[in-house]
Amino acid sequence: MIITCPYCGPRDSSEFVYREEGGRIRPDQASTDQAAWNAYVYDRVNTAGEHDEIWQHSGGCRAHLRIVRNTVTHRIVSVAFARDHGRPHERRKAETPA
Amino acid sequence: MVDQLSPLAPVLRPGRHALADHSVGVTLTETQPGSIVQLAAWRGEEGALIAAIREVAGLALPDGAGGGVSTEAKAGFGFAPGKFLVVDQDEGLAAAFAKAVAPETGTVTDLSHGRTAIRIAGPKAEWVLAKFFATDFSLPAFPLGSGISTVHHDIFAQIQRSGADEFDVYVFRSFARSFWKSLCHASEEVGYEVL
């Protein structure tokens with residue numbers, strides 16, 4: 001599988017590490033809402049299809065990347081710097097429908 | 001300055017290790033630069049840092065990912081967003097950058113003792129490097145002066161093309177001896193000379 005890093009260009013997927021599922025919203029640090037923390041730690045969308053993910057190009061420029069990957073076909077739909085949308089959690093908060 | 005000791009000394013065997021027909025496909029050299037400096041710009045300060053590199057090292061880095069310049073005594077290239085490696089055969093580059101780069105612009109890290117610089121040159125240089133790294137070393141994909149970051153198993157490497165068939169590889173000092181031995185083994189197929 002080839003992933004085209006926005007900085008380094010096309011590279012073998014062995015240079016990249018999968019970090020986490022995209023779109024997760026961390027509850028407020030002061031929150032004592034058990035259900036919200038449980039959902040944050042354990043609940044995953046687990047999409048069969050196009051899936052929002054955070055990867056890191058650990059064997060290259062070390063940038064964190066926002067990758068949309070089709071989990072059925074492994075096709076990489078899009079690759080962008082995670083930082084272009086601010087810090088990952090803030091970005092995902094803004095993009096998640098209320 | 002504290003003397004730099006080569007980690008390759010115990011395994012460096014200068015001379016020709018040629019094929020039976022006396023041909024040599026690559027030459028391997030430890031270039032032993034006096035200064036290896038990593039510079040990183042805060043977000044939005046990339047232009048100011050590139051200007052500081054021009055002022056201190058006299059290198060005009062081109063825009064764009066991995067853009068760089070390689071001259072006889074000095075070299076510089078981008079290896080990650082907002083991050084640059086600048087190399088000088090003379091010592092003292094880190095101190096000069098520490099004066100020229102304001103804390104608001106970015107950071108200066110002296111890696112002179114932390115990286116080992118290995119030059120691989122010759123008609124088979126692309127072929128030998130392609131055994132290690134899953135990247136395209138052809139001239140159109142990897143233009144003169146430009147640099148990349150990549151990895152050979154767990155050995156992180158920054159590579160700059162310093163000539164049409166010449167590459168400078170920067171590896172962590174503690175991995176350098178292992179990498180050098182692998183490089184020699186990989187070069188046996190084409191014949192090599194250690195300078």
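## Helices and a chain contact in a predicted model

At 1.5 Å a residue, the 15 residues of helix H4 (residues 173–187) of chain B should span 21 Å, and the end C-alpha atoms are 21 Å apart, which agrees. The expected span is 1.5 Å times one less than the number of residues; helices (H or I, at least four residues) and strands (E, at least two) are DSSP runs numbered from the N terminus.

This is a predicted model, in which local features need pLDDT of at least 70, side-chain atom pairs count only at pLDDT 80 or more, and totals for chains, interfaces and linings use all residues. Residues are numbered from 1 along each chain as its sequence is written, while chains are lettered from A and ligands numbered from 1 in the order in which they are written.

Which residues of H4(B) are buried? They are Ala176(B), Phe179(B), Trp180(B), Leu183(B) and Ser187(B); buried means that 20 or more other C-beta atoms, placed from the backbone, lie within 10 Å of the residue's own. Among the elements they pack against are helix H3 (125–132) and strand S10 (155–163) of chain B.

Now to the chain contact, where residues touch if their C-beta atoms, placed from the backbone, lie within 7 Å. Chain B and chain A each give 10 residues. On the side of chain B that touches chain A, the largest share, 4 residues, comes from S9(B). That side divides as follows.

| Class | Residues on the side of chain B |
|---|---|
| Nonpolar (Ala, Val, Leu, Ile, Met, Phe, Trp, Tyr, Cys, Pro) | 7 residues |
| Polar (the others, Gly among them) | 3 residues |

Key. Two residues are in contact if their C-beta atoms, placed from the backbone, lie within 7 Å. A residue is buried if 20 or more other C-beta atoms lie within 10 Å of its own, exposed if 12 or fewer, and partly exposed in between; C-beta atoms are placed from the backbone.
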